[in-house]
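Colleague: I am new to this structure and would be grateful for a close look at a single part of it. Please take the salt bridges as the topic.

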Amino acid sequence: MDVSGPDTAASPPAENESPSESGQETSSIPEAPVATRCYSHGKQETDEEFDARWVTYFNKPDIDAWELRKGMNTLIGYDLVPEPKILDAALRACRRLNDLASAIRILEAVKDKAGPHKEIYPYVIQELQPTLNELGISTPEELGIDKV
Amino acid sequence: VAKVEEYSLPSYFDRRESPLPDIRFVKHLTPEQQSLKAKEKGSWVALSNEEKVELYRISFNQSFAEMNKGSSEWKSVLGGILFFMGFTGFVVLWQKHFMYGEIPHTFSEDWIARQSQRMLDMRINPVEGFSSKWDYDKKEWKK
């Protein structure tokens with residue numbers, strides 16, 4: 001559900017990100033010419049800007065392990081389930097770091113993040129399936145670690 | 001130079017909100033695990049499921065399913081609460097029997113009867129309280 005109001009120009013990456021949910025509607029925000037909203041300050045980042053910022057973060061070719069961990073832990077701290085394209089970039093970062101365990105952990109975290117919305121995780125996996133097949137990442141379900 | 005204590009170093013923890021801890025779970029890898037780590041540098045398609053699980057377990061202690069699993073501790077807690085409440089009841093009964101003396105004579109049935117009659121005669125709380133419940137014509141409690 002998108003709660004950001006109409007924006008004019010693209011805003012620089014800010015900390016006020018708007019929720020971006022996968023599996024729900026990925027709405028495009030109508031661009032009205034004048035924004036008169038009672039924001040705390042500055043323009044609010046759109047969903048697309050948020051996603052793009054995070055995809056760029058994980059796409060850094062020489063990303064290091066700390067940055068991957070920091071990025072993932074921060075992303076999981078937000079009140080949203082990350083878009084498949086962000087997760088795709090994160091999984092590829094795991095590949096560059098030769099870290100399969102973290103890749104599986106990321107999938108687990110996404111499922112956990114969806115909470116009671118059980119339809120989100122299958123959607124995400126469906127979207128990521130080409131990448132999972134390409135990189136050889138097994139889902140937690142395939143490995144049996146989704147059960148106690 | 002002061003010895004570096006382990007508790008001052010980054011620690012491992014399983015938390016839902018922080019899926020990738022600062023360090024791996026297994027600190028010292030066996031030779032098999034080291035060779036598995038080397039194999040991880042190649043294509044992951046070549047890894048068997050057992051190897052993938054082994055790699056996961058090297059890095060992480062509990063899976064999300066395991067860390068989120070509830071326990072039956074609440075049954076012990078509830079049982080303990082009820083047990084001690086029962087024990088308290090036992091203490092109260094013991095005190096009544098062995099410790100406390102007689103209750104005042106003003107609680108005897110005869111006294112209460114005469115006291116109640118006096119209260120009715122005085123029209124105590126005649127609107128909504130005591131005397132309002134008495135039928136003065138039929139000389140009985142209202143039904």
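Which residues are linked with Asp62(A) in a network of salt bridges?

Modeller: Asp62(A) is linked with Lys60(A) and Glu67(A) in such a network; a salt bridge is a side-chain nitrogen of Lys or Arg within 4 Å of a carboxyl oxygen of Asp or Glu. This is a predicted model, in which local features need pLDDT of at least 70 and side-chain atom pairs count only at pLDDT 80 or more, while totals for chains, interfaces and linings use all residues. Residues are numbered from 1 along each chain as its sequence is written, chains are lettered from A and ligands numbered from 1 in the order in which they are written, and side-chain values use heavy atoms, leaving out hydrogens and water.

Asp62(A) is exposed, at 56% relative accessible area, and Lys60(A) is partly exposed, at 32%; buried means under 20%, exposed over 50% and partly exposed in between, with a 1.4 Å probe and protein chains only.

Across all chains, the search of the whole structure finds 19 salt bridges. One of chain A's pairs joins Glu134(A) to Arg92(A), with an N to O distance of 3.0 Å. That pair links distant parts of the chain, as Glu134(A) lies in helix 5 (residues 120-135) and Arg92(A) in helix 3 (residues 84-96), 42 residues apart; helices (H or I, at least four residues) are DSSP runs, numbered from the N terminus. Glu134(A) is exposed at 51%, whereas Arg92(A) is partly exposed at 24%.

Asp146(A) and Lys147(A) also form a salt bridge, at 2.9 Å from N to O. Here Asp146(A) is buried, with a relative accessible area of 19%, but Lys147(A) is exposed at 56%.

How values were computed. Helix = DSSP H or I, 4+ residues; strand = E, 2+ residues; numbered from the N terminus.
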